[in-house]
Amino acid sequence: MSKHAPRSPNPIDVHVGTRVRLRRQVMKMSQEKLGDQLGVTFQQVQKYERGANRVGASRLWKMSQVMDVPVGFFFDGLGEVGAVTEFAEDDQLPIVYDFINSTDGVNLAKAVSQIKNKAVRRQILELARSLAKDSSDES
């Protein structure tokens with residue numbers, strides 16, 4: 001018998017899990033508390049957040065209610081990350097996931113989400129893009 005390597009998480013499942021983790025952290029909710037509200041263990045929440053386990057439609061609906069966001073929230077930014085379907089199984093996922101899961105990423109998301117004016121939020125995004133472009137031009 002040959003041993004098979006464990007399958008890599010699907011990039012879409014990783015993206016959804018990253019968004020679950022981001023929202024949970026913004027809400028200052030523990031994995032245990034989220035699990036309790038969903039009727040699963042905190043270990044299951046960990047697997048969802050890593051993308052190791054796929055979140056089913058009914059559970060995603062429940063998450064959206066518990067976390068007070070529309071279901072679409074979990075897919076926001078998916079098209080902006082790149083063509084997800086083009087990732088080879090052994091490719092590294094974009095650096096965006098690492099940032100979103102970092103303390104800076106969570107703090108930035110909290111701060112920006114508190115800005116009510118959509119135009120101002122868009123200006124912050126454009127500023128960040130401009131600064132990123134400037135720093136790459138200098139290298």
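What follows is a short chat about the helices and charged side chains of this predicted model.

Q: Let's start with α2: which of its residues are buried?
A: In this predicted model, helix α2 covers residues 31-38, and its buried residues are Gln31, Leu34, Gly35 and Leu38.

Q: How are those buried residues arranged around the axis of α2?
A: Looking down the axis of α2, the buried residues fall within an arc of 100°, so they line one face of the helix.

Q: And what does the face turned away from the buried side carry?
A: That face of α2 carries the exposed residues Glu32 and Asp36.

Q: What covers the buried residues of α2?
A: The cover includes α1 (11-26), α3 (42-50) and α4 (57-66).

Q: Take α3 then, at what angle do the axes of α2 and α3 cross?
A: The two axes come within 8 Å and cross at roughly 100°, which makes α2 roughly perpendicular to α3. The contact is made by Gln31, Glu32, Leu34 and Gly35 on the α2 side, and by Phe42, Val45, Gln46 and Glu49 on the α3 side.

Q: What follows α2 in the chain?
A: Glycine 39 follows α2, and the phi of this glycine is positive, near 80°.

Q: Switching to charges, how many salt bridges does the structure hold?
A: The structure holds 4 salt bridges. As background, side chains of opposite charge can pair when their charged atoms come close.

Q: Which residue does arginine 54 pair with?
A: Arginine 54 forms a salt bridge with aspartate 13, and the closest N and O atoms of the pair are 2.9 Å apart. Arginine 54 lies in the loop between α3 and α4, while aspartate 13 lies in helix α1, so the pair ties together parts that are 41 residues apart in sequence.

Q: Are those two buried or exposed?
A: Arginine 54 counts as exposed, at 53% relative accessibility, whereas aspartate 13 is buried, with a relative accessible area of 11%.

Q: What about glutamate 49, which side chain does it meet in a salt bridge?
A: Glutamate 49 meets arginine 24, at 2.5 Å from N to O. The pair links distant parts of the chain, with arginine 24 in helix α1 and glutamate 49 in helix α3, 25 residues apart. Arginine 24 is buried, with a relative accessible area of 8%, and glutamate 49 is buried as well, with a relative accessible area of 7%. Glutamate 49 also belongs to the α3 side of the contact with α2.

Q: Where does glutamate 126 come in, and what does it pair with?
A: Glutamate 126 forms a salt bridge with arginine 129, with the closest N and O atoms 3.1 Å apart. These two residues are 3 residues apart in helix α8 (residues 118-138), so they are separated by about one helical turn. Glutamate 126 counts as partly exposed at 39% relative accessibility, and arginine 129 counts as partly exposed at 43%.

Q: Last one, lysine 110: where does it lie, and is it buried or exposed?
A: Lysine 110 lies in helix α7 (residues 103-113). Lysine 110 is buried yet has no salt bridge.

Q: How far away is the nearest side chain of opposite charge?
A: That side chain is aspartate 104, and it is 11 Å away from lysine 110, whereas a salt bridge needs a side-chain nitrogen within 4 Å of a carboxyl oxygen.

Q: So what does lysine 110 touch?
A: Not counting residues up to four places away in sequence, lysine 110 touches Gln25, Val26 and Lys28.

Note on methods. Residues are numbered from 1 along each chain as its sequence is written. This is a predicted model: local features need pLDDT of at least 70, side-chain atom pairs count only at pLDDT 80 or more; totals for chains, interfaces and linings use all residues. Side-chain values use heavy atoms; hydrogens and water are left out. Helices (H or I, at least four residues) and strands (E, at least two) are DSSP runs, numbered from the N terminus. Buried means under 20% relative accessible area, exposed over 50%, partly exposed in between (1.4 Å probe, protein chains only). Lys and Arg count as positive and Asp and Glu as negative; His and the chain ends are not counted. Contact means heavy atoms within 4.5 Å. The arc is that of the directions from the helix axis to the C-beta atoms. Axes are lines fitted to C-alpha atoms, for helices over the stretch in contact, and angles run from 0 to 180 degrees between N-to-C directions. Angles under 35 degrees count as roughly parallel, over 145 as roughly antiparallel, 65 to 115 as roughly perpendicular and the rest as oblique.
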